[in-house]
Amino acid sequence: METWAPMSIEKNGLRVRFAPSPTGALHIGGARTALYNWLAARHGGGELVLRIEDTDLERSTPENVAQILDALRWLGLDWDEGPISQVGRADAHSEALGRLIESGAAYRDSATADDVKAWKAEHGADRGYRGEPSADGTGAIRLRVPDEGDTVVDDLIRGEVRFPNRSYDDFVIARGDGSVLYNFAVAVDDADMGITEVIRGDDHLSNTPKQLLVFEALGIEPPRYAHVPLLHGPDGKKLSKRHGAASVQELRDAGYLPAAIRNYVALLGWGPGDDETLLSTEELVSRFRPEDVGRSSAVFDEKKLRWMNGRYMREMPLGEYQAAVREFVDAETGGRPLNEERFAFGCEIVQEKAQTLQEVWPLIRFLFEPPVEDEKAWRKVMKGQAGRVLDEVETLLSGIESGDGGPNRDGFTIGNVQAVLEPLPEKLEMGAGKVFQPIRVAITGTTISPGIFESVAALGREESLARIASARLRVPDTGEETEQA
RNA sequence: GGCCCCGUGGUGUAACGGUUAGCACGCCAGGUUUUCAACCUGGAAGCGCGGGUUCGACUCCCGCCGGGGCUACCA
């Protein structure tokens, strides 16, 4: 259960906010909005306020709140104030509401949804609903919207966007019971919290005039707005929970690194202006400006994230990388104890090729368990001269003087294994593939593995010899082709 | 339907009146005299359409088409 932080009402300097609605997990689009706010705050030496828009009692849950905060922390996006519950500000909202009713800017209207619909049918589709104060003082509370003029959003990204006032309803700002609605609560909160720039998704652009109208009714200077384009799924629709691995939690489980996600997501709709693609978080902070964000929507492309994640994995300090992999391996193995030396070495030999933390284990699993034999690989490789190759390999590896002190240790090092195996194709007058693939299959069970010298050295002398011998028994003698049943 | 936003290769972007339209991912082909998802090299692939403005338009204007958002007593 998260605890709510007290709110301050400072008003100096840049103040931005991230205001998620806890109706589900934080998805990649929300993460990007959070990142842009965070970057703007850090870049400008300002402050980031985290506010939870939980006024939708039906759909907001404490679990979702906890999950969102957890996702933000994991991403490395910290905030200076909050989390502040919007519901917790009910008093401030009622106070503002009272002022608007007092001044006549808002009124109670007993019209039902059907009444409004009927009114619109009568007055035309481009005409916003205009109500009447109810005689008995009941009904929802609506804000009066002028018929004339435009409300202009001076957007940092879009420029001036004009909305005709007459196209907006006298919209409901509070329910009949006095509980406030989104467009009202947001304006009151942004005002009270001294927010100077609102950086949020494009889906709020059409709502901004309503919020501006609230500011005007309240007599308060509104913040500046920057509406960033939405992220779309491959189907072209607004990215939502329905689109695959779209939540931060899922990306985490898939083995992506926070730094890579930050880099990738920042580039969705924004670029540093030159051809740089790999940008450290420090560079992101120093180069990001909300006004440089593009205007068109972008599609989340996991392939590119994978590539970028691989780049980050290769640049990680070895120990940090091993620790990160460990979590995934433990999840996979149920946390059973492993030969630590082998684990550390195994991680090392695949750091150059893995693109996510998740794919490390399948590559090094053979070091801890009997090889899971890939039947297809076996059939393809263990034929022809394979038996002869294994015989030779057995002799050569036996010849390496070594206690079996551990992976890559004593005489059984990558270098020594390579020294005896590398000349083998020439010696047998065979192609390298014909020689190394059978060894690989004997050692790892399949044709996809870390480098063969590394794999053998990691397994160690005794186990390598045992696997070679075991495989040899099942490989037909030289010359006998077996396209077995 | 109404109001609003957007439109450079499959994807993310750069160039913003004059360039062979650049970069990255992905894709394809080679290479890496050992696999591979890593790495290297090369290649295919783009200015939505139609009118203007201009000596000259991806870049400016208009129309169209296409995509998206909002239009709740949701956020």
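1. In this predicted model, a polar side-chain atom of N207 lies 2.5 Å from a base nitrogen of RNA strand B, and an N or O atom in the side chain of R59 is placed 2.7 Å from a base oxygen of RNA strand B. The backbone also takes part, with an N or O atom of E352 lying 2.3 Å from a sugar or linking oxygen of RNA strand B.

2. Elements giving two or more residues to the surface near RNA strand B include β7 (159-164), α10 (302-315) and α18 (432-444), where helices (H or I, at least four residues) and strands (E, at least two) are DSSP runs numbered from the N terminus.

3. RNA strand B is surrounded by 66 residues, with D56, E352, K353, A432 and R440 the closest, a residue being near a strand if one of its heavy atoms lies within 4 Å of it. Of the atoms of RNA strand B that come within 4 Å of the protein, 73% belong to sugar and phosphate.

4. Chain A has a mean pLDDT of 89, with 93% of its residues at 70 or more, pLDDT being the predictor's confidence in each residue, from 0 to 100. Residues 480-485 fall below 50, and this stretch has 4 contacts in the model beyond near neighbours in sequence, a contact meaning heavy atoms within 4.5 Å.

5. An automatic or database assignment divides chain A into domain 1 (90-228), domain 2 (316-367) and domain 3 (375-474); the centres of domain 1 and domain 3, taken over C-alpha atoms, are separated by 73 Å.

6. Residues are numbered from 1 along each chain as its sequence is written, and chains are lettered from A and ligands numbered from 1 in the order in which they are written. Local features need pLDDT of at least 70, side-chain atom pairs count only at pLDDT 80 or more, totals for chains, interfaces and linings use all residues, and side-chain values use heavy atoms, with hydrogens and water left out.

Key: Polar contact = N/O pair within 3.5 Å; in protein donor to acceptor, adjacent residues only side chain to side chain.
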